[in-house]
Amino acid sequence: TTLFRSLVQVGKVFIINELLECNHKNGWTIKAIGTSEIWSICNSLREEDKREIVKVGDKRTFDGCVFDLIMHYNHPIYKIMHNGETIGIGGICKSYDKQKGIIWLCFTKDYEKHKLSFLLFSKRFKDKLIKAYGCLSNVVWLGNLSHVEYLTWLGAKWTPLTKEFAIFELK
């Protein structure tokens, strides 16, 4: 089992209503998506997110990681949109021990245009998810500095795993 699978493919999704409640008047929408949209969005991700997917996914190619996500991640996958423009893709599920929400998010190249608005949206979104899950966590490749900065800004606490990877927790 890869590091990615052992930390991401766990538990059952339990918070679809809370995700849908996060659709805000300020243009942010979260919507469950299917296979064709997953491929399309993944192909438009930022290069640092693609590198992180390959590193954490423990695969040789990005396409192999996306295929693995589609075939083996048995939970809803969501696109995050601002005024109809897709800026990210992600998912969340309960950990095996039911103590945490294992969350992941990757951004498209359009993220930069909406960064400040997304950061503010994320604060409200984070509070709803923490209320439902108690703690949000996952593994991050430390080479994706924008993810590290984003999670740190949200208040993440870090536990190093290796020189390249750490686990974050948001409570």
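This is a friendly chat about a predicted protein model and some of its residues.

Reader: Hi! How many helices and strands does the protein have?

Author: Hello! This is a predicted model, and the protein in it has seven helices and seven strands.

Reader: What pattern does the protein follow along the sequence?

Author: Reading along the sequence, you get α-α-β-α-α-α-β-β-β-α-β-α-β-β.

Reader: And how many of the residues count as buried?

Author: The protein has 171 residues, and 50% of them count as buried. The protein exposes about 8,700 Å², with carbon and sulfur atoms supplying 56% of that area.

Reader: What about contacts between residues at least 6 apart in sequence?

Author: Of those contacts, 67% join residues at least 24 apart.

Reader: Let's zoom in. Where does glutamate 52 lie?

Author: Glutamate 52 is part of helix α4, which covers residues 47-57.

Reader: Which side chain of opposite charge is nearest to glutamate 52?

Author: That is arginine 46, at 6.7 Å. Glutamate 52 is buried but has no salt bridge. A salt bridge needs a side-chain nitrogen of Lys or Arg within 4 Å of a carboxyl oxygen of Asp or Glu.

Reader: Then what is glutamate 52 in contact with?

Author: Setting aside neighbours within four places in sequence, glutamate 52 is in contact with Gly57, Val139, Val140, Trp141, Asn144 and His147.

Reader: Back to arginine 46. Which residues does it form salt bridges with?

Author: One partner is glutamate 48, where the closest N and O atoms are 3.4 Å apart. Aspartate 49 also meets arginine 46 in a salt bridge, at 3.2 Å from N to O.

Reader: What does glutamate 47 pair with?

Author: Glutamate 47 and lysine 50 meet through their side chains in a salt bridge, 3.8 Å from N to O. Both residues lie in helix α4, three residues apart, which is about one turn of the helix. Lysine 50 is buried, with a relative accessible area of 16%.

Reader: How many salt bridges does the count come to?

Author: The count comes to nine salt bridges.

Reader: Where does the charged end of lysine 50 sit?

Author: The charged end of lysine 50 sits over the ring of phenylalanine 62, 5.3 Å from the ring's centre. Elsewhere, lysine 123 lies over the face of tryptophan 153, at 4.7 Å from the ring centre.

Reader: Speaking of rings, how many aromatic pairs are there?

Author: There are 11 aromatic pairs. One of them is tryptophan 28 with phenylalanine 121, a stacked pair at 5.4 Å centre to centre with 15° between the planes. This pair links distant parts of the chain: tryptophan 28 is in strand β1 (residues 28-33) and phenylalanine 121 in helix α6 (residues 115-133), 93 residues apart.

Reader: Are tryptophan 28 and phenylalanine 121 buried or exposed?

Author: Tryptophan 28 and phenylalanine 121 are both buried.

Reader: Which residues do the ring pairs link into a cluster?

Author: The cluster holds Trp28, Phe107, Tyr111, Phe118, Phe121, Phe125 and Tyr150.

Reader: New topic: where is glycine 88 found?

Author: Glycine 88 is in strand β3, residues 85-94, and counts as buried at 0% relative accessibility.

Reader: What is glycine 88 in contact with?

Author: Beyond neighbours within four places in sequence, the contacts of glycine 88 include Ile41, Tyr78, Ile80 and Phe107.

Reader: Last one: is lysine 171 buried or exposed?

Author: Lysine 171 is exposed, with a relative accessible area of 68%. You will find lysine 171 in the segment after β7 (165-170).

Reader: And what does lysine 171 touch?

Author: Not counting residues up to four places away in sequence, lysine 171 touches Ile130, Gly134 and Cys135. The C-alpha atoms of lysine 171 and leucine 154 are separated by 9.8 Å, and the two residues are 17 apart along the chain.

How values were computed
Residues numbered from 1 in each chain as written. Predicted model: local features only at pLDDT ≥ 70, side-chain atom pairs only at ≥ 80, totals over all residues. Heavy atoms only, no water. Helix = DSSP H or I, 4+ residues; strand = E, 2+ residues; numbered from the N terminus. Buried < 20%, exposed > 50% of the residue type's maximum accessible area, 1.4 Å probe, protein only. Lys, Arg positive; Asp, Glu negative; His and termini not counted. Contact = heavy atoms within 4.5 Å. Areas by Shrake-Rupley, 256 points an atom, 1.4 Å probe, with all protein chains shown as cover. Phe/Tyr/Trp six-rings, centres within 6.5 Å; stacked < 30°, edge-to-face > 60°. Lys NZ or Arg CZ within 6 Å of the ring centre and 35° of its normal.
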